[in-house]
Amino acid sequence: MKSTGIVRRIDEMGRIVLPAELRRTMDISDRETMEIFTDGSAIILKKYTPACIFCDSGRTVSLFKGKNICARCLRQLRESPADAEEEPPESV
Ligand SMILES: [Zn+2]
């Protein structure tokens, strides 16, 4: 982990401002989504990039029933026999 030498105070709402210079160098734009991690006593902020819940790929990810899935896994899911299961026949 590299120190930036930047010290910022958390405001009364629990917010902290990422300095503009840091946002510029890290290519973080306004209203960007950040993911929060912890590592011992450290809090780590990372630009959020949606990843496939099955293979962790960040490519061609889309939402499927509220979950991130890549095009490849979505295709495999469609082709899997479990997906072809039919509804049980209605009893009269
Ligand atoms: Zn995938």
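Visitor: Why is K65 called exposed?

Guide: K65 has 5 C-beta neighbours inside 10 Å, so K65 is exposed. Bear in mind that this is a predicted model: local features need pLDDT of at least 70, side-chain atom pairs count only at pLDDT 80 or more, and totals for chains, interfaces and linings use all residues. Numbering starts from 1 along each chain as its sequence is written.

Visitor: Where does K65 sit, then?

Guide: In the loop between β3 (61-64) and β4 (67-70). Strands here are DSSP runs (E, at least two residues), helices are runs of H or I with at least four, and both are numbered from the N terminus. K65 also has a phi near 50°, which is positive in a residue other than glycine.

Visitor: Which other residue other than glycine has a positive phi?

Guide: D27, with phi near 55°. D27 belongs to the loop between α1 and β1.

Visitor: What makes D27 buried or exposed?

Guide: The neighbour count again: D27 has 8 C-beta neighbours inside 10 Å, so D27 is exposed.

Visitor: And M26, why does that one count as exposed?

Guide: M26 has 12 C-beta neighbours inside 10 Å, and the cut-off is 12 or fewer, so M26 counts as exposed. M26 lies in the loop between α1 (20-25) and β1.

Visitor: How do you know which way β1 and β2 pair?

Guide: Two strands pair if DSSP finds at least two bridges between them. β1 and β2 (residues 42-47) have 6 bridges, in the antiparallel sense, so they pass that test. D39 stands opposite A42 in β2. The hairpin has 2 residues between the strands, and G40 takes a positive phi near 65° there.

Visitor: How many helices and strands does the chain have?

Guide: The chain has 2 helices and 4 strands, running α-β-β-β-β-α from the N terminus on.

Definitions and conventions. A residue is buried if 20 or more other C-beta atoms lie within 10 Å of its own, exposed if 12 or fewer, and partly exposed in between; C-beta atoms are placed from the backbone.
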